[in-house]
Amino acid sequence: MRDLVLALPAGLWTPVDDVTILNRGLAEAYRSKTSKTVTRDINGLVKMGLVEKQRGRGVRPRVEVMSAFLPPRRDPSAGQ
């Protein structure tokens, strides 16, 4: 599920049917799985609040939520 959410392009909606072909790693991971597995994983990410899902549009990563988990960056203008 982590790889799936990280593979989704930021700011874009991806049709659910295209999720497994976003990159080679996902294609290999889901190759022997059913579409039900993909749906289960997407629904799990929706429950966690990391992905937004809309009928007719697909899914998109909620980058605004994920950025809250990044460590703070050092301010280069603060001197050393």
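**Reading burial and contacts**

Mentor: Start with G25, which sits in helix 2. Keep in mind that this model is predicted.

Trainee: How far apart are G25 and D3, in sequence and in space?

Mentor: They are 22 residues apart in sequence. Their C-alpha atoms are 8.1 Å apart.

Trainee: Now D41. Where is it placed, and is it buried or exposed?

Mentor: D41 belongs to helix 3, residues 35-48. Buried means under 20% relative accessible area. D41 has 7%, so it is buried.

Trainee: Which side chain makes a polar contact with the side chain of D41?

Mentor: That of R40, at 2.9 Å. Next, set aside residues up to four places away in sequence: D41 then touches M1, L4 and Y30.

Trainee: Which residues touch the most other members of the largest nonpolar core?

Mentor: The core has 13 residues. L4, L8, V19, I42, L45, V51 and V59 touch the most other members. Helix 1 (2-7), helix 2 (24-30) and helix 3 each supply at least two residues of this core.

Trainee: Take L45. What is it in contact with, leaving aside neighbours within four places in sequence?

Mentor: L45 is in contact with M1, L4, V5, L50 and V51.

Methods. Residues numbered from 1 in each chain as written. Predicted model: local features only at pLDDT ≥ 70, side-chain atom pairs only at ≥ 80, totals over all residues. Heavy atoms only, no water. Helix = DSSP H or I, 4+ residues; strand = E, 2+ residues; numbered from the N terminus. Buried < 20%, exposed > 50% of the residue type's maximum accessible area, 1.4 Å probe, protein only. Polar contact = N/O pair within 3.5 Å; in protein donor to acceptor, adjacent residues only side chain to side chain. Contact = heavy atoms within 4.5 Å. Core = buried A, V, L, I, M, F, W, Y, C linked by side-chain atoms within 4.5 Å.
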